[in-house]
Amino acid sequence: MTVMLVGAVAFAGVVAAAAVWLRQDALIYFPSDTVPSAADVGLPEAEPLTVRTTDELDLDAWYVPAEGDPVGAVLVLHGNAGDRADRAPLAIALRERGLASLLLDYRGFGGNPGTPSQQGLLNDAEAAAVALERHSGLDRDRLVYFGESLGSAPAAWLASRRPPAAVVLRSPFPNLTEIGRRRFPWLPVEWLLRDQYPLASWIVDYEGPLLVIAGERDRLILVSDSQRVVNAAGGAARLLVVPDAGHNDLELLAGATVLDGITAFLRDDAGLPVRDAPAS
């Protein structure tokens, strides 16, 4: 009976591992199929932009111009869920401060063609950086990469290849394997996971200014995870912890603490003359 029980448990483990292997993309990526119009989310100024990748996909994006002459431009690489419209509050705040932005949807997100994967998202990020540089007319020393959660990994990889003026990573993690191991402690995640996003090993090769933002009450990406990214950074890095903020809270995307922190960081560390927020 004991042998039979052990065999049954082992078989159940194999079945569970196989299920995770087969469905892992559905456990990582949660794209929306359609995107509201830019005007409907408060961005009537947004310009539709097509980003062409090296593997010949055409991805829809929005270019949001700054108010007045731009002091810089921000590439926004969102997390593993939703679409570019969800990041409209950030783009509005950046616009008011004199920063243009490009809101990209990855392959498979927001009705874009293709299927998301680690290599796919890296391709998408690089293509978007090229498009932003070209469309904004700004040199790379006036560009900023903003990566949110999963998007912080492509931002870190991109920074190691095409260094910008500064990088902002919101809720970054050392690598996705560790996050998966915490969620599925009974599985050999490091053997099963195809897309491991080794962010910490990428950020080592970026030597420019880095701001890491973490939510005090984030239970998905812990403050300690983001601190390890700061520790791994190849250049000067600072950590901003947002009090009482959870992973999906608006405060962690475009709250006053985040926006004031980004403004001060870009002025002090990147030398960009970012404007103050308009008086309410």
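## Fold, cores and selected residues

In this protein, residues 24 or more positions apart account for 72% of the contacts with a separation of 6 or more. The model is a predicted one, and its secondary structure comes to 10 helices and 10 strands. Of the 280 residues, 54% count as buried. For a chain of 280 residues, a compact globule would have a radius of gyration near 19 Å, and the protein agrees with this because its own value is 19 Å. Taken along the principal axes, the box filled by the C-alpha atoms is roughly 75 × 35 × 35 Å.

The sheet comes next. Its 8 strands form an open arrangement with mixed pairing, in the order E2-E3-E6-E4-E7-E8-E9-E10. At the edges are strand E2 (47-52) and strand E10 (237-242), each of which pairs on one side only. With direction ignored, neighbouring strands of this sheet are turned by 20 degrees against each other on average. Strand E9 (residues 210-215) and E10 run parallel and are joined by 6 bridges; valine 212 has leucine 239 in E10 as its bridge partner. Helix H4 (residues 152-161) packs on the sheet, where it touches strand E4 (72-77), strand E7 (143-148) and strand E8 (166-170), and the direction of H4 makes about 150 degrees with that of E7.

In soluble globular proteins, nonpolar side chains tend to be buried together. Here the largest nonpolar core has 56 residues, and those with the most contacts inside it are Leu75, Leu102, Leu104, Tyr197 and Ile203. Helix H3 (residues 118-136) provides the largest share of this core, namely 8 residues. A second, separate core has 37 residues, including Trp62, Val168, Leu252 and Phe265.

| Residue | Relative accessible area | Class |
|---|---|---|
| Aspartate 225 | 5% | buried |
| Alanine 131 | 10% | buried |
| Glycine 68 | 58% | exposed |

Aspartate 225 has its place in helix H8 (residues 223-232) and counts as buried because its relative accessibility of 5% falls under the 20% limit. The side chain of aspartate 225 makes a polar contact of 2.7 Å with the side chain of arginine 182. Apart from neighbours within four places in sequence, the residues in contact with aspartate 225 are Pro172, Phe173, Pro174, Ile179, Arg182 and Leu220.

Alanine 131 lies in helix H3 and is likewise buried, since its relative accessible area of 10% is under 20%. Not counting residues up to four places away in sequence, alanine 131 touches Leu49, Val51 and Leu102, and Leu102 is also among the residues with the most contacts inside the largest core. Although alanine 131 and threonine 53 are 78 residues apart along the chain, their C-alpha atoms are separated by 9.8 Å.

Glycine 68, by contrast, is exposed, because its relative accessible area of 58% is over the 50% limit. Glycine 68 belongs to the loop between strand E3 (58-64) and E4. From glycine 68 to aspartate 141, which are 73 residues apart in sequence, the C-alpha to C-alpha distance is 19 Å.

Terms used: Residues are numbered from 1 along each chain as its sequence is written. This is a predicted model: local features need pLDDT of at least 70, side-chain atom pairs count only at pLDDT 80 or more; totals for chains, interfaces and linings use all residues. Side-chain values use heavy atoms; hydrogens and water are left out. A nonpolar core is a set of buried Ala, Val, Leu, Ile, Met, Phe, Trp, Tyr and Cys residues joined through side-chain atoms within 4.5 Å. Buried means under 20% relative accessible area, exposed over 50%, partly exposed in between (1.4 Å probe, protein chains only). Helices (H or I, at least four residues) and strands (E, at least two) are DSSP runs, numbered from the N terminus. Two strands pair if DSSP finds at least two bridges between them. Axes are lines fitted to C-alpha atoms, for helices over the stretch in contact, and angles run from 0 to 180 degrees between N-to-C directions. Contact means heavy atoms within 4.5 Å. A polar contact is a pair of N or O atoms within 3.5 Å; within protein, one must be able to donate a hydrogen and the other to accept it, and residues adjacent in sequence count only if both atoms are side-chain atoms. The radius of gyration is taken over C-alpha atoms; the globule rule is 2.2 Å times the number of residues to the power 0.38.
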